[in-house]
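Hello,

Here is the structure I promised to pass on to you.

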Amino acid sequence: QVHLVESGGGLVQAGGSLRLSCAASGRTLSTFNMGWFRQIPGKERQFVAAITWPGFCYYADSVKGRFTISGDNAQNTVALQMNSLKPEDTAVYYCAARSGSGAYDYTSSYDIWGQGTQVTVSP
């Protein structure tokens, strides 16, 4: 089975940047469609960004223009570049993979999830 591990989270001030990375083991990510989601305690896990074959990218309205999703097949990773961070971006960020069909912005469409990485943005 493929396993996903997120990294790159941390504490930054508003206006700063972070780059999250999701590394896969067991199978190349090029065979999956990938997504990033985020969640804060007591709230529903929400869609952030997705990249689907043959390379189309989609973003939530709240992050469009600030975040960029990308894949690196050579390193078997998917990244989320986050710029102009705001305090409301504070959350645990998860990467996810789906090998089947389904809407790119639905959590139920994804088969495999990472353990999450904490992003905290101070005002």
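Below are my notes on the disulfide, the core and the aromatic rings.

This is a predicted model, in which local features need pLDDT of at least 70, side-chain atom pairs count only at pLDDT 80 or more, and totals for chains, interfaces and linings use all residues. Residues are numbered from 1 along each chain as its sequence is written, and side-chain values use heavy atoms, with hydrogens and water left out.

Let me start with the cysteines. Searching the whole structure turns up one disulfide (a pair of cysteine sulfur atoms within 2.5 Å). The partners are Cys22 and Cys95, with sulfur atoms 2.0 Å apart. The torsion about their S-S bond is about 55°, so the disulfide is right-handed. Cys22 belongs to strand β3 and Cys95 to strand β9, so the bond ties together parts 73 residues apart in sequence (strands are DSSP runs of E, at least two residues, numbered from the N terminus). Both cysteines are buried (under 20% relative accessible area; exposed is over 50% and partly exposed in between, with a 1.4 Å probe and protein chains only). Cys57 is in no disulfide, and the nearest cysteine sulfur, that of Cys22, is 15 Å away. Cys57 is partly exposed, at 34% relative accessible area.

Next, the core. The largest nonpolar core has 34 residues, and those touching the most other members are Leu4, Met34, Trp36, Leu80, Met82 and Tyr93. Such a core is a set of buried Ala, Val, Leu, Ile, Met, Phe, Trp, Tyr and Cys residues joined through side-chain atoms within 4.5 Å. Two or more residues come from each of β3, β4, β5, β7, β8, β9 and β11. Beyond its neighbours within four places in sequence, Met82 is in contact (heavy atoms within 4.5 Å) with residues including Leu18, Leu20, Phe67, Tyr93 and Val119.

Finally, the rings. There are six aromatic pairs, where rings of Phe, Tyr and Trp (its six-membered ring) have centres within 6.5 Å; planes under 30 degrees apart are stacked, over 60 edge-to-face and the rest tilted. Tyr58 and Tyr104 are stacked, at 4.2 Å centre to centre with 20° between the planes. Tyr58 sits in strand β6 and Tyr104 in the loop between β9 and β10, so this pair ties together parts 46 residues apart in sequence. Ring pairs link Tyr58 and Tyr104 into a cluster with Phe37, Phe47, Tyr110 and Trp113. Arg98 lies over the face of Tyr110, 5.5 Å from the ring centre (CZ of Arg within 6 Å of the centre and within 35 degrees of the ring normal).

Best wishes

Terms used:
Helices (H or I, at least four residues) and strands (E, at least two) are DSSP runs, numbered from the N terminus.
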